[in-house]
Amino acid sequence: FEEAGQEMRLARELSPLDPVIHCSDGFLQMMSRDYEASEKTHLELIRTAPDFGTAYSGLARVYAATGR
């Protein structure tokens with residue numbers, strides 16, 4: 001997951017407004033069990049792109065994984 005995380009950080013730097021990249025980063029964080037970072041990423045994405053529905057399902061997966 002570390003290499004993927006590095007690539008994701010680079011992608012976010014190159015395209016900071018792309019919601020797909022942010023959501024993918026949140027998913028990667030969740031899969032690496034960094035639930036706090038994943039929640040933060042998804043909440044930030046919901047704030048900046050409220051019409052991007054995938055962000056809500058990503059946040060729901062984080063909440064399900066953490067028992068909330």
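This is a predicted model: local features need pLDDT of at least 70, side-chain atom pairs count only at pLDDT 80 or more; totals for chains, interfaces and linings use all residues.
Helix H1 spans residues 2-14 and holds 13 residues. From its first C-alpha to its last, H1 reaches 19 Å. That is close to the 18 Å expected at 1.5 Å a residue. Three positions of H1 are listed as buried: Gly5, Met8 and Arg12. Viewed down the axis of H1, these buried residues fall within an arc of 60°, so they line one face of the helix. The face turned away from this buried side carries the exposed residues Glu3, Glu13 and Leu14. The cover over the buried residues of H1 includes H2 and helix H3.

Helix H2 covers residues 19-31, and H3 covers 35-48. The axes of H2 and H3 come within 7 Å and cross at roughly 160°. An angle over 145 degrees counts as roughly antiparallel, so H2 is roughly antiparallel to H3. Their crossing is left-handed. On the H2 side, the contact involves Pro19, His22, Cys23, Gly26, Phe27, Gln29 and Met30. On the H3 side, these residues meet Tyr35, Ala37, Ser38, Thr41, His42, Glu44 and Leu45.

Gln29 lies in H2. Its relative accessible area is 15%. Buried means under 20%, so Gln29 is buried. Leaving out residues up to four places away in sequence, Gln29 touches Asp34, Ala37, Ser38 and Thr41. Ala37, Ser38 and Thr41 are among the H3 residues in the contact with H2.

H3 passes H4 in a left-handed crossing. From H3, the contact is made by Tyr35, Ser38, Glu39, His42, Leu43, Leu45 and Ile46. From H4, it is made by Ala55, Tyr56, Gly58, Leu59, Val62, Tyr63 and Ala65. Several H3 residues, including Tyr35, Ser38, His42 and Leu45, take part in this contact and also meet H2.

Ala65 and Tyr35 are 30 residues apart in sequence. In space, they are 8.2 Å apart, C-alpha to C-alpha. Both residues belong to the contact between H3 and H4.

Technical notes
Residues are numbered from 1 along each chain as its sequence is written. Side-chain values use heavy atoms; hydrogens and water are left out. Helices (H or I, at least four residues) and strands (E, at least two) are DSSP runs, numbered from the N terminus. Buried means under 20% relative accessible area, exposed over 50%, partly exposed in between (1.4 Å probe, protein chains only). Contact means heavy atoms within 4.5 Å. The expected span of a helix is 1.5 Å times one less than its number of residues. The arc is that of the directions from the helix axis to the C-beta atoms. A crossing is left-handed if the near helix is turned anticlockwise from the far one by less than a right angle, and right-handed if clockwise. Axes are lines fitted to C-alpha atoms, for helices over the stretch in contact, and angles run from 0 to 180 degrees between N-to-C directions. Angles under 35 degrees count as roughly parallel, over 145 as roughly antiparallel, 65 to 115 as roughly perpendicular and the rest as oblique.
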